[in-house]
Amino acid sequence: MALEPRYQPAQVEPKWDAYWRAKDLFTPTYQPDRPTFSVVLPPPNVTGVLHVGHALNHTWQDILVRYHRMRGDNTLWLPGSDHAGISTQIKVEEMLRAQGEDRFSVGRKAFVEAIWTWKDQYGGEILRQLARLGNSVDWTRLRFTLDPQLSQAVTEAFVELYDQGLIYRGFYMINWCVSCRTALSDIEVEHQEQAGQLTYIRYPFSDGSGFITVATTRPETMLGDSAVAVHPEDSRYRQWVGRTVRLPLTMRDIPIITDAVVELEFGTGAVKVTPAHDPNDFGIGQRHQLESIQVIAEDGTMTAAAGAYRGLDRLVARQRVIEDLMATGAIERQEPIVHAVGHCEKCDAVIEPLVSRQWFVRMKPLAAPAMAAVDRGVVHFTPARYEKIYRHWLENIHDWCISRQIWWGHPIPAYYCTCGQTVVSATVPESCSECGGEMTQDPDVLDTWFSSALWPFSTMGWPEATEDLERYYPTSVLCTGWDIIPFWVSRMMMQGIHFTGQAPFHTVLINGLVRDSQGRKMSKSLGNGVNPEDMIQRYGADALRMALVLGSAPGNDIRFSEEKVEAAMHFANKVYNAVRFVLMNLDEDFVPEADSVPEHPADQWISARLNRAVETVSGFIDQYEFGEAGRAIYDFFWDELCDWYIELAKVRLRSEQALDRGPVQRTLVRVIKRALQLLHPFMPFVTEELWQALPDPGPSIMIAPWPTPEELTPGPGEWTVERLITLTRTIRNLRAEVNLPPAQSIQLEVLADDAKTLDAWGEMTSELRVLAKIETLTLNLSGQKERPGRAIAGVTEGGLVFLPLQGVVDLDRERERLEKSLAGTRQELGRVQTRLQDPNFVERAPADVVESSRMRVNELQARLRRLEERLDDLR
């Protein structure tokens with residue numbers, strides 16, 4: 001396959017994605033004698049679009065998957081998407097509102113059908129974007145959490161947990177979103193610090209003999225108060241316990257009680273108790289058999305129990321209650337306060353605690369085995385510090401409210417009869433077993449995270465004993481963000497161990513946030529967000545992948561900039577041009593020899609450097625240090641292969657002798673193919689394009705064996721070339737010091753410290769002349785020839801280098817330039833030293849500024865010595 005003159009990722013990348021899919025290269029062919037490596041893709045929401053966080057997370061996973069596939073492991077990356085109950089329902093409700101409708105006006109059946117239509121039309125966008133990124137997932141196993149098989153798994157799990165007493169239904173205090181009109185679990189509530197006011201209200205004693213003052217941030221809920229509570233050890237109120245007070249704005253009398261949950265330091269130490277609208281008050285009400293009076297409805301308006309405030313929005317009612325209390329003189333004072341207020345993570349509405357009949361999972365029996373799996377080392381977190389989040393969540397776990405009052409999701413398999421009979425079953429009962437009457441299914445659906453918790457094994461066919469479940473479960477690695485350790489990781493652990501007896505993965509790999517170039521979190525308000533699709537269209541998916549990987553490390557945030565993507569694109573072009581150079585320099589009758597032994601020093605050197613790169617890249621991938629692995633292959637390609645070996649190879653490639661050309665051609669092909677294999681997990685598209693252009697490509701680089709270090713015959717080549725490289729760098733530095741143009745040829749005298757070094761340089765004279773642009777080169781042993789006059793000298797490993805300046809530069813002008821630079825350096829050095837001699841500066845300036853000044857003194861002194869040496873050379 002011939003390569004185009006320029007690399008065009010927009011044409012190349014879609015071509016190879018289609019090729020890989022057509023050849024079913026993402027689908028594993030199971031071999032019983034090989035290890036298994038499996039990953040389930042964290043299912044993106046069908047409402048989602050690709051952001052740079054996804055791109056980093058999925059690039060990490062794809063590196064692992066491509067690496068293990070090339071190692072010959074049974075490698076499965078199973079993709080899918082999540083129905084995202086509340087998020088998706090909100091999307092479609094917004095669409096209906098734009099049409100003047102809502103879900104209640106169209107009805108449940110039509111509304112759910114509308115969501116399916118929306119899902120089919122828009123819901124696959126993120127999966128298309130992930131494919132564009134190069135994800136090598138097995139598309140033949142694509143799953144959706146509402147697929148029939150996964151829905152059956154959810155039903156079976158619910159029924160089994162219910163039969164085991166781990167799922168129950170009851171009246172409890174829950175988090176209620178008045179906008180989404182559904183219950184939420186604790187971790188679906190985001191607590192935001194916001195300003196409010198603490199209102200101190202006087203509750204008069206029923207006999208008119210005085211009052212007790214309570215403090216509250218929610219005066220509107222006082223209409224549902226059932227008691228006033230004080231701490232049992234609070235001596236201030238001991239004599240009043242057992243008395244009753246008249247609830248302001250009502251004609252009800254309520255008791256003063258004691259309860260240890262009351263905080264002595266909050267407000268006055270006396271608190272109003274509203275069992276229907278506060279989690280702590282709900283507990284107090286349970287312990288003291290208090291009446292639960294709901295004054296706020298599910299839509300956020302006041303109920304009939306609120307009397308004159310009925311029908312008002314809760315926030316309007318708050319202000320009206322304060323005004324009426326003010327009018328009666330019941331408000332003692334008000335104080336500003338900053339407190340944490342719960343908000344719905346989906347719509348940002350303020351959460352309303354309500355008592356409601358909901359379905360719950362008993363979590364503590366499930367949490368204990370999940371904690372034990374980490375204790376025993378069955379599951380590891382990388383980095384280990386994120387284990388703390390997992391442990392803290394499990395140690396402080398509460399029962400999980402799993403029912404949602406929405407219409408999009410998995411229906412709860414519970415059926416009710418008017419006679420009071422409840423049946424939980426995986427199949428729909430024909431009639432009530434008690435009275436023969438018709439049974440009605442629970443109208444609620446399950447929390448999205450309930451089905452997500454089953455993802456690693458439900459996607460492989462559970463509860464059936466499938467081949468996939470036997471072969472690929474437990475999975476190997478879960479790559480995710482730290483923020484969903486409570487939401488998802490812990491729940492997968494609990495459900496996986498409970499239903500299969502095995503933890504669902506052995507490693508939890510945590511990726512950090514992708515921040516902007518200034519280290520700020522990306523957000524709409526800052527306008528610093530990045531659309532990965534724009535980056536892909538502009539620079540290619542390979543460039544985006546490499547830009548995200550370089551510098552990344554488990555658990556650490558990374559800084560992203562478009563300049564990094566552009567630099568990664570330049571790297572792709574460098575690799576592309578290197579392969580084009582190789583192809584253009586192959587003889588027509590070229591035949592690769594896999595077992596050819598490198599004899600030339602340069603061939604020995606690059607073969608040894610490649611071995612080191614193979615070991616380094618493989619080792620870092622095994623440790624999940626993808627940034628370090630990417631840097632290792634980047635440096636090998638750019639520095640060692642392109643900047644040095646290919647330049648060294650050009651000397652022999654220009655030879656008319658086949659004996660010179662053949663070995664270097666074979667080494668070039670062998671090395672560049674193995675280097676492309678190392679690069680493939682990071683930049684899959686460009687490597688496939690280049691692989692197919694090289695001799696003997698096979699079906700795909702994706703299934704070419706991962707390189708292992710070659711057995712090399714020890715030889716002096718590596719040492720020889722290292723000495724040549726350091727000599728070349730010294731010469732280039734000397735050229736730069738006197739501002740010689742790159743194309744200007746020079747005369748050079750080199751004195752070697754020993755015969756071995758002299759022989760090494762002598763063997764590579766042709767290459768040295770080309771690399772350093774040398775016209776006349778003299779090599780001698782040190783001591784056999786005196787140092788030349790009017791020449792600048794450089795120290796290199798193994799000897800000295802002299803660049804005669806006569807005829808190369810204008811000596812008088814160069815001397816003038818050096819003297820001017822010397823004077824400026826002395827002046828600046830004096831200023832910095834004077835500053836450091838000032839005690840006020842040293843004592844008061846920031847420590848990093850003082851240290852920077854000291855480092856500057858060292859730099860200026862070194863520069864001064866170099867300038868003085870150059871002037872001595874000229875004299």
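**Group meeting: strands, a helix and some cysteines**

Okay, let's start with the sheet: strand 7 (residues 189-204) and strand 13 (residues 331-344) run antiparallel to each other and pair over 13 bridges. Pairing here means that DSSP finds at least two bridges between the two strands. Helices (H or I, at least four residues) and strands (E, at least two) are DSSP runs, numbered from the N terminus.

Before I go on, the housekeeping. This is a predicted model, so to speak of a local feature I need pLDDT of at least 70, side-chain atom pairs count only at pLDDT 80 or more, and totals for chains, interfaces and linings use all residues. Residues are numbered from 1 along each chain as its sequence is written, and side-chain values use heavy atoms, with hydrogens and water left out.

Back to strand 7. Which residue of strand 13 does Gln194 face? That's His339. Strand 7 also has strand 8 (residues 211-216) as an antiparallel partner, with six bridges joining the two. In that pairing, Ile201 sits opposite Val214 of strand 8. Between strands 7 and 8 the hairpin has six residues, and Gly208 in this hairpin takes a positive phi near 75 degrees.

Leu325 is buried, at a relative accessible area of 0%. For the cut-offs, buried is under 20% relative accessible area, exposed is over 50%, and partly exposed is in between, with a 1.4 Å probe and protein chains only. What does Leu325 touch, if we skip residues up to four places away in sequence? Ile201, Met222, Pro248, Leu249, Ala330 and Ile331. Contact means heavy atoms within 4.5 Å. As for Ala195, 130 residues from Leu325 along the chain, the C-alpha atoms of the two are separated by 21 Å.

Over to helix 2 (residues 52-70), where you'll find His58. His58 is buried too, with a relative accessible area of 2%. Ignoring neighbours within four places in sequence, His58 is in contact with Leu41, Trp77, Leu130, Leu133 and Asn135.

Last topic, cysteines. How many disulfides do we get, taking a disulfide as a pair of cysteine sulfur atoms within 2.5 Å? By that rule the count is zero. Take Cys432: it is in no disulfide, and the nearest cysteine sulfur, on Cys419, is 3.7 Å away. Cys432 is buried, with a relative accessible area of 3%. Cys479 is buried as well, at 2% relative accessible area.

Notes. Disulfide = S-S within 2.5 Å.
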